[in-house]
Amino acid sequence: MLPEEATIADAFVNEELSYSIGFWLFEGVAFGKVSLEKGENGEYAATLTAYTTGALDRILYHRKDTYVAHFRLAEGGRRFVTTAFDKTIESKGKVKKSHTSFDYDKREMHWKSWDEDRGERTGVENIPPGVYCDDPLGAFYNFRFGAYGPVKEGSEYNIFSFPKNGAVPRIYLRIADKGEFLSMKRDGMDANYLSYAMIDRDLFGSQTGNVEIFFTRGMVPVEAVVKDLVFFGDVRGTLIRQGNGQ
């Protein structure tokens with residue numbers, strides 16, 4: 001158990017979570033990993049990677065998705081604030097990239113995206129006063145640490161995300177109540193909470209942006225289902241290893 005003065009970095013730095021990924025009737029057709037490391041200048045970097053394996057790898061010509069979020073500590077170490085977010089998708093010999101950075105002094109978010117078909121695009125969005133803009137990885141760690149409030153059945157959370165077209169959309173989280181949790185929990189699953197999340201549909205290429213995550217009492221995510229992905233349908237990741245990256 002961590003001491004009360006422990007920071008969010010103390011709780012999660014060097015944690016590695018590895019997942020077997022499947023969809024439709026196929027299991028173990030992809031592999032995913034989420035990790036958090038301490039970087040330079042007092043910042044931290046979280047990385048989510050997922051890539052295809054086996055027959056699916058040949059069909060998709062090696063699909064690999066990489067998301068990297070850079071954080072700094074805020075509120076006395078009780079939460080992460082995203083300073084930059086990078087997304088890279090490699091599939092069928094083509095690469096798509098995007099980079100988003102935040103200047104909280106100027107209250108601006110700068111973004112740049114590039115792919116072979118549309119070339120490079122850039123833009124700037126304003127950040128409202130008093131608002132932190134969390135990416136999904138930042139929200140993942142902040143939520144698990146309790147930065148948005150206590151985790152309990154029936155709780156709801158609205159989290160400011162990346163500004164878009166002059167507005168600031170939110171990541172929505174809801175903890176299922178006891179009856180709902182029990183109806184969704186599979187036999188033998190080591191889980192105590194079910195969280196429903198709604199995130200930006202473009203992040204994973206989802207038609208709805210809906211995600212379901214089962215957590216243990218210690219807030220370890222043992223299973224996640226990204227709903228309604230284009231072509232794939234519901235994609236399930238099951239925890240196969242929790243380790244320390246040191």
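Asn14 is buried in this predicted model, with a relative accessible area of 18%, and its place is in the loop between helix H1 and strand S1, the latter spanning residues 15-23. Although Asn14 is not a glycine, it has a positive phi of about 75 degrees. The chain around it has 246 residues, of which 45% count as buried, and its secondary structure comes to five helices and 14 strands.

- Most residues other than glycine have a negative phi.
- Besides Asn14, with its positive phi of about 75 degrees, Asn165 also has a positive phi, here of about 55 degrees, and is likewise not a glycine.
- Asn165 lies in the loop between strand S9 (156-160) and strand S10 (170-175), and at 72% relative accessibility it counts as exposed because the cut-off for that class is over 50%.
- Asn14, by contrast, falls in the buried class because its relative accessible area of 18% is under the 20% limit.

- In soluble globular proteins, nonpolar side chains tend to be buried together.
- The largest nonpolar core in this model has 44 residues, and those with the most contacts inside it are Leu36, Phe71, Phe80, Leu137, Tyr141 and Phe143; helix H3 supplies the largest share of this core, namely six residues.
- A second, separate core consists of eight residues, including Ala176, Phe181, Ala191 and Val222.

**Second largest pocket**

- The second largest pocket has a volume of about 150 Å³, and its lining is made up of Ala11, Phe12, Glu15, Arg144, Phe145, Gly218, Met219, Val220 and Gln242.
- Helix H1 (8-12) and helix H3 (136-145) are the elements that give two or more residues to this lining.
- By residue class, the lining divides into five nonpolar, two polar and two charged residues.

- Glu212 lies in strand S12, which covers residues 210-215, and Glu212 counts as buried because its relative accessible area of 13% is under 20%.
- Leaving aside neighbours within four places in sequence, Glu212 is in contact with Met184, Leu194, Ser195, Tyr196, Glu223, Ala224, Val225 and Lys227, a list that includes another glutamate, Glu223, as well as a lysine, Lys227.

- Asp10 has its place in helix H1, and at 48% relative accessibility Asp10 counts as partly exposed.
- Asp10 and Gly77 are 67 residues apart in sequence, while their C-alpha atoms are 9.1 Å apart in space.
- Over the whole protein chain, residues 24 or more positions apart account for 42% of the contacts with a separation of 6 or more.

**Overall surface**

- The protein chain exposes about 13,200 Å², and carbon and sulfur atoms supply 50% of that area.

Terms used: Residues are numbered from 1 along each chain as its sequence is written. This is a predicted model: local features need pLDDT of at least 70, side-chain atom pairs count only at pLDDT 80 or more; totals for chains, interfaces and linings use all residues. Side-chain values use heavy atoms; hydrogens and water are left out. On a 1 Å grid over the protein atoms alone, a cavity is a set of points where a 1.4 Å probe fits but cannot get out, and a pocket is an open set with protein on both sides within 12 Å along at least five of seven lines; lining residues have an atom within 4 Å of a point. Grid points are joined across faces, edges and corners, and a volume is the space filled by probe spheres set on the points. Helices (H or I, at least four residues) and strands (E, at least two) are DSSP runs, numbered from the N terminus. Ala, Val, Leu, Ile, Met, Phe, Trp, Tyr, Cys and Pro count as nonpolar, Asp, Glu, Lys and Arg as charged, and the others, Gly among them, as polar. A nonpolar core is a set of buried Ala, Val, Leu, Ile, Met, Phe, Trp, Tyr and Cys residues joined through side-chain atoms within 4.5 Å. Buried means under 20% relative accessible area, exposed over 50%, partly exposed in between (1.4 Å probe, protein chains only). Contact means heavy atoms within 4.5 Å. Accessible areas come from the Shrake-Rupley method with a 1.4 Å probe; for residues, only the protein chains shown count as cover.
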